[in-house]
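Q: Could you pick a single part and give me a close look at it? I'd like the surroundings too, in one connected answer.

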Amino acid sequence: MSAKEIFAEDAVLLGAFGVMMAVASAVESANRMKTGAARLLPRAILALNCLLATAAGTLAHAADCPGNPDALGTSRVLVVDPTEHPRVGTMQYGQTLPLKDHEVVLTFDDGPLPAKSNKVLAALAAQCVKATFFTIGKMATAYPDGVRKLREAGHTIGTHSESHPLSFNRMPVEQARQQINDGIAHTAAALGDPNAVAPFFRIPGLLRADGVEEYLASRGIMTWSADFPADDWRHITSAQVLHLALSRLEAKGKGILLLHDIQERTAAMLPTLLRELKSRGYHIVHVVPATPDRPKTATEPRDWLMHPDAAVASAWPAIPQFAFDQTAVLAAPDVINATHVLAAPQSELSAIGGRGRTVRIAHRFAADTVPLPPEPLWPRPAVGPVSLGADGLPAPDKTIFNLQGAEPRLTTGRNQHAQLDQHRDGATAERREAMASPAAPALRRRLPGSSPMLPGGLQRGRLAPG
Ligand SMILES: [Zn+2]
């Protein structure tokens with residue numbers, strides 16, 4: 001399935017909600033004007049949240065989740081610097097987030113769409129789980145309150161273009177820039193604060209292009225792919241989404257899960273997914289961008305690989321880790337084995353590789369007392385008489401070259417070529433000259449009587465660039 005097909009449903013959904021967006025946008029704009037003071041409160045809460053997270057290194061543990069002592073919680077906050085790691089997600093890139101085994105980052109694309117996104121938010125809140133949302137500019141314009149709810153809940157807000165075109169891989173870079181910038185601007189407008197938008201971007205349909213990634217990197221924006229999806233854009237049941245999410249996570253052991261908060265099937269299965277993650281021993285990691293006041297989490301380069309040890313093993317044959325015994329010297333082999341070699345009949349020794357070599361092998365094995373196997377492991381070579389002429393190899397039969405009209409002779413001399421070519425029908429002076437020239441070594445090696453190798457009219461000339 002192509003990426004275009006994968007996200008085709010996204011595009012349909014976005015188109016269908018286009019009319020609703022315009023209406024909702026007007027309503028929400030009016031609400032925003034009335035509640036300017038109230039807008040400051042969520043920002044203060046978020047700032048406090050981030051401060052506490054940085055200081056403690058963790059967010060809500062299960063025990064800290066009000067009303068849910070068995071909550072999954074958020075085990076830690078990971079602060080990343082997009083300028084150092086511009087692309088993450090092994091679905092497309094060599095690097096991914098520096099997660100430990102059994103750590104998961106939840107991501108939700110294409111929202112906000114309150115009817116569905118609110119259910120997702122409720123499920124996350126019930127388990128005190130923090131996630132990353134990649135919003136669409138037009139959705140943010142249509143449902144600014146939906147974006148603000150993400151921030152009030154303490155989630156990270158990245159962006160996902162202005163209108164989710166499934167053509168980032170082929171559109172002009174200028175157009176991609178516009179899509180990126182408009183999506184960020186309209187999400188920031190909904191939040192009323194450009195700093196509230198994380199420099200995280202996910203390309204619609206994951207339809208990456210070098211120019212797009214380079215532009216994002218030049219702006220200090222991290223391009224997020226994912227480590228595994230759950231196919232929640234397809235027409236499958238929520239149970240199937242749940243199964244795919246868990247099975248793919250189990251296969252990799254950790255990673256970034258790609259979901260869509262605009263999908264009913266995703267909202268429906270999310271409570272179960274979170275409970276399953278808890279019961280299977282997984283931990284949620286909340287990712288936030290580094291800022292001057294919030295330094296990046298210390299990591300090693302290998303932490304940004306999905307399976308660093310596996311990568312090394314596949315890049316080069318693993319060097320075995322030998323476990324040596326306490327004994328410093330290996331036991332000498334049984335002398336009977338060495339005797340076997342020395343006492344072997346000449347016919348068997350010959351099978352090893354000729355008389356002279358056999359003798360050397362036998363002596364060396366006798367000195368080192370290393371045994372040979374009782375029987376050769378390879379088929380014995382057929383040793384037969386080979387008659388070599390005094391001057392060289394025997395001449396091949398002329399029929400194997402399909403020669404006609406000439407004796408099979410291996411000749412390389414200039415004069416011999418000239419003589420032979422004199423017997424050829426239609427051989428011109430130019431051709432003879434070309435054949436004998438230093439620029440035609442292959443021709444000089446050809447067998448007399450074979451097919452002409454030079455097209456007619458070839459002139460003698462220089463082959464090397466001058
Ligand atoms: Zn999308």
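A: Helices (H or I, at least four residues) and strands (E, at least two) are DSSP runs here, counted from the N terminus. On that basis, Met 306 sits in the loop between strand E10 (283–289) and helix H12 (308–315). Residue numbers start from 1 along each chain, as its sequence is written. Bear in mind that this is a predicted model: local features need pLDDT of at least 70, side-chain atom pairs count only at pLDDT 80 or more, and totals for chains, interfaces and linings use all residues.

If you skip neighbours within four places in sequence, Met 306 is in contact (C-beta atoms within 7 Å) with Thr 90, Thr 96, Asp 227, Lys 252 and Gly 255. Take Gly 255: from Met 306 to Gly 255 is 51 residues in sequence, yet 7.7 Å in space, C-alpha to C-alpha. For the protein chain as a whole, 76% of contacts between residues at least 6 apart join residues at least 24 apart.

Now to Leu 257. Beyond four places in sequence, its contacts include Val 104, Val 105, Leu 106, Ala 226 and Phe 228. Leu 257 is also one of the residues with the most contacts inside the largest nonpolar core, alongside Val 104, Val 105, Leu 106 and Val 129. That core, a set of buried Ala, Val, Leu, Ile, Met, Phe, Trp, Tyr and Cys residues joined through C-beta atoms within 7 Å, has 69 residues. Helix H11 (residues 264–279) gives the largest share, 6 residues.

Helix H9 (residues 210–218) deserves a look as well: Val 212, Glu 213 and Leu 216 are buried there. Down the H9 axis they fall within an arc of 95° (directions from the axis to the C-beta atoms), so they line one face. These buried residues pack against strands E2 (87–88), E6 (200–201) and E7 (222–224) and helix H8 (173–191). Exposed Asp 210 and Ser 218 are on the face turned away.

As for confidence, pLDDT (the predictor's confidence in each residue, from 0 to 100) averages 73 over the protein chain, with 53% of residues scoring at least 70. It stays under 50 over residues 1–59 and over residues 411–429.

Methods. A residue is buried if 20 or more other C-beta atoms lie within 10 Å of its own, exposed if 12 or fewer, and partly exposed in between; C-beta atoms are placed from the backbone. Two residues are in contact if their C-beta atoms, placed from the backbone, lie within 7 Å.
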